Amino acid sequence: MSTWLPPEEDPRPQGKPVGELATYAEYLAYHRLTLQLKCEGLTPEQLAQRSVPPSTLSLLGLVRHLAYVEHHWFVRVAQQSDEESLFLKADDRDADFTGAVGTQECVDEAFGALRLQIARADEWLDVLDDTDLGRELPHGSGSISIRELLVHMIEEYARHNGHADLLRECIDGRTGD
C-alpha cells in the first residue's frame, strides 16, 4: 500500500503532544483530516457513489454521518443541547447516508456541516484540561466521561476512515493511509 501523500505535504498533525487531552485532540484532528483527504479531488457523483448494493455507504454519506456524530457527541451530549439531530429523519434513521446524493449542493451542505460541527467541538474542547477528562456527562439513563467521549470519537473516525480507504480505492484506485 502506498502512502496517500509525501510526508512533507501531509497536513495532518504528527507532533509529540504533551498530556492526555492534547494526545486525544491530536489523534482526533489527524483522523478528521484523513477523512477530508480521502474525499479530495472527487466529483459530487464520485463522492455519492455507493459501495455494494444494498449498502448506502458512500464517502459523502460518511461526511454527513460524521457531521451528525460530531454534533451528537459534542453538542447534544457534552453541552446538553436539545438541538435537533443533523441529517436524521423520524422515518429514516439512515438519512445521513440515504440523503447523500451526487449534487454540488449536497456536497457543500455536508462539508459545511462537518466544518461547523468540528469548530463547535474544538471550541468546547479548548476550555478543557487534563483534569476534566474524568468528568461525567449525563447520557441516556447513565453517563459518559469526557475521556470516553473522546476515545469514542477517535474510534468512530478511525473505523470510518477504513471504510473511506476502500470506497476511494473503488472509485479511482487511490490507496494509502
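The radius of gyration of the protein, taken over C-alpha atoms, is 17 Å. A compact globule of 177 residues would come near 16 Å, by the rule of 2.2 Å times the number of residues to the power 0.38; the two values therefore agree. The C-alpha atoms fill a box of roughly 45 × 45 × 25 Å along the principal axes. The structure is a predicted model: local features need pLDDT of at least 70, side-chain atom pairs count only at pLDDT 80 or more, and totals for chains, interfaces and linings use all residues. Residues are numbered from 1 along each chain as its sequence is written, and side-chain values use heavy atoms, without hydrogens and water.

The protein has six helices and two strands. These are DSSP runs numbered from the N terminus (helices, H or I, at least four residues; strands, E, at least two). Their order from the N terminus is α-α-α-α-α-β-β-α. Of the 177 residues, 45% count as buried, meaning under 20% relative accessible area with a 1.4 Å probe and protein chains only. The accessible surface comes to about 9300 Å² (Shrake-Rupley method, 1.4 Å probe). Carbon and sulfur atoms hold 53% of this surface. Among contacts (heavy atoms within 4.5 Å) with a separation of 6 or more, 69% join residues 24 or more positions apart.

The largest nonpolar core has 48 residues. Such a core is a set of buried Ala, Val, Leu, Ile, Met, Phe, Trp, Tyr and Cys residues joined through side-chain atoms within 4.5 Å. Leu59, Phe74, Leu149 and Leu150 have the most contacts inside the core. Two or more core residues come from each of α1 (20-39), α3, α5 (104-125) and α6 (146-172). Helix α3 gives the largest share, 11 residues. Leaving aside neighbours within four places in sequence, Leu150 is in contact with Leu21, Tyr24, Phe74, Leu125 and Leu133.

Helix α3 covers residues 59-77. Of its 19 residues, 18 are buried. Its end C-alpha atoms lie 25 Å apart.

Beyond its neighbours within four places in sequence, Arg64 is in contact with Phe87, Ala95, Asp96, Gly99, Ala100, Cys106, Glu109 and Ala110.

How values were computed. The expected span of a helix is 1.5 Å times one less than its number of residues. Buried means under 20% relative accessible area, exposed over 50%, partly exposed in between (1.4 Å probe, protein chains only).
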